[in-house]
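I opened a new notebook page for this model.

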Amino acid sequence: MMKETRKFLEKIGLPRGDAYDLPSSAKRFSDGAQYRFEVPGIQGPKAMKALLDELERLEIHIHRVTQTKGIMLMGDDDISSMLELAEKAQVELILAVGPRATYDTSASVQTSEGQRMGYRLRGQEQVVRAIEDVKRAANLGCRSFLVYDEGCLWVLNEARKLGEIPNDCKFKISAHCGHGNPCSAKLLEQNGADSLNPIRDIQLQMLGALRQAVNIPLDVHTENPASSGGFIRHYEVPEMIRVASPIYLKTGGSVAKNHSWDSTEADARNRAKQVMLVKRVIDQYYSDASWSKKGSLSA
């Protein structure tokens with residue numbers, strides 16, 4: 001069905017449709033591994049230390065820690081402390097760009113219709129502030145940033161190319177941008193995204209098509225906070241890895257009540273436990289899957 005349109009998509013280098021045959025991905029991280037772990041929602045140094053200590057106790061390692069509340073809500077000491085913890089534990093620390101619709105001087109995003117705008121920026125002043133947020137954290141040593149707005153991604157990529165910010169900065173696109181198809185993924189990759197977090201409920205055949213369209217790592221939620229539906233996908237993880245590698249497995253979200261949940265130290269320890277549970281499923285059902293060693297940070 002719809003053969004001409006599918007033929008056109010194939011002609012311009014895109015999948016003909018979703019990959020219902022679930023082909024195995026031959027793409028890998030630069031170290032040859034298929035998967036890595038990412039723990040989101042760690043908002044400050046106390047929670048980060050608790051997470052890393054618990055992971056060490058459980059004898060399991062992760063590769064990324066993501067802060068989601070925003071750089072503008074962090075003190076310099078908090079940023080520096082988290083960077084020190086990241087360096088010691090050999091993990092990548094990703095800090096979120098602060099300015100967003102929910103912090104803007106407008107109530108539109110709080111309405112049922114306005115929620116559709118996501119976290120996107122309103123007005124050029126918010127873009128200026130977003131760039132300032134990134135510059136501040138970059139000056140303190142951070143190199144990885146969570147981005148919620150496609151225009152902001154584009155301008156940060158230009159800033160990276162022109163030396164306004166360090167050229168080794170990396171940009172991760174949030175699930176809150178609402179992307180979940182190969183065409184959007186291609187657009188984001190072409191505009192500087194270094195990894196992409198698609199929508200939380202993306203299905204395996206959709207992931208397979210996404211993987212055909214782009215080479216950057218895909219960051220996929222293995223579980224979610226109550227505010228995003230609370231669904232847990234642990235038993236799907238082996239197939240996620242096979243179909244969508246290289247992939248970051250975002251784990252620990254079920255501990256939180258919402259996206260910007262301010263994780264306590266106890267919450268952070270529970271997130272570490274969730275990582276252990278996902279790793280158990282992988283080891284039982286896809287024991288041949290290769291994961292990056294501790295300290296493997298380059299894509």
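Entry 1. Before the first pair of helices I wrote down what an axis is: a line fitted to C-alpha atoms, for helices over the stretch in contact, with angles running from 0 to 180 degrees between N-to-C directions. I also noted that the model is predicted.

I looked up H2 against H9, residues 265–285, and found an angle of about 35 degrees with the axes 8 Å apart. The crossing of these two helices is right-handed. On the H2 side, the contact is made by Lys46, Ala47, Ala50, Leu51, Glu54, Leu55 and Leu58. On the H9 side, I listed Glu265, Ala268, Arg269, Arg271, Ala272, Lys273, Val275 and Met276. Sorted by class, the H2–H9 contact has 9 nonpolar and 6 charged residues, and no polar ones.

Next I took H2, residues 45–58, with H3, residues 76–89; they pack at about 15 degrees, and their axes are 9 Å apart. Angles under 35 degrees count as roughly parallel, and H2 and H3 are therefore roughly parallel to each other. H2 passes H3 in a left-handed crossing. From H2, the residues that meet H3 are Pro45, Met48, Lys49 and Leu52. Their partners in H3 are Asp78, Ser81, Met82, Leu85, Ala86 and Ala89. I sorted the residues of this H2–H3 contact into 7 nonpolar, 1 polar and 2 charged.

How do H4 and H5 lie to each other? The axes of H4, residues 124–139, and H5, residues 150–162, come within 11 Å and cross at roughly 55 degrees. H4 and H5 are therefore oblique to each other. The crossing in which H4 passes H5 is right-handed. H4 brings Val127, Ala130, Ile131 and Val134 to the contact, and H5 brings Cys152, Val155 and Leu156. The contact of H4 with H5 holds 7 nonpolar residues, with no polar and no charged ones.

How many cavities of 30 Å³ or more does the structure hold? I noted 2. The largest cavity has about 150 Å³ of space. Its lining has 19 residues, and those closest to the centre are Pro40, Thr68, Arg200, His221 and His259. By class, the lining of this largest cavity divides into 6 nonpolar, 9 polar and 4 charged.

The second largest cavity has about 40 Å³ of space.

I then looked up the largest pocket, which has about 350 Å³ of space. Of its 14 lining residues, the closest to the centre are Gln115, Gly118, Tyr119, His176 and Ser228. The classes in this lining are 5 nonpolar, 7 polar and 2 charged.

Which two residues does a cis peptide bond join? They are Ser245 and Pro246, with omega about 0 degrees. Pro246 sits in the loop between helix H8, residues 237–244, and strand S8, residues 247–250. I also marked Met2, which has a positive phi of about 55 degrees although it is not a glycine. Met2 belongs to the segment before helix H1, residues 3–11.

Notes
Residues numbered from 1 in each chain as written. Predicted model: local features only at pLDDT ≥ 70, side-chain atom pairs only at ≥ 80, totals over all residues. Heavy atoms only, no water. Helix = DSSP H or I, 4+ residues; strand = E, 2+ residues; numbered from the N terminus. Parallel < 35°, antiparallel > 145°, perpendicular 65-115°, else oblique. Left-handed = near helix turned anticlockwise from the far one by under 90°. Contact = heavy atoms within 4.5 Å. Nonpolar A, V, L, I, M, F, W, Y, C, P; charged D, E, K, R; others polar. 1 Å grid on protein atoms, 1.4 Å probe; cavity = no way out; pocket = protein on both sides within 12 Å on 5 of 7 lines; lining within 4 Å. Points joined across faces, edges and corners; volume = space filled by probe spheres on them.
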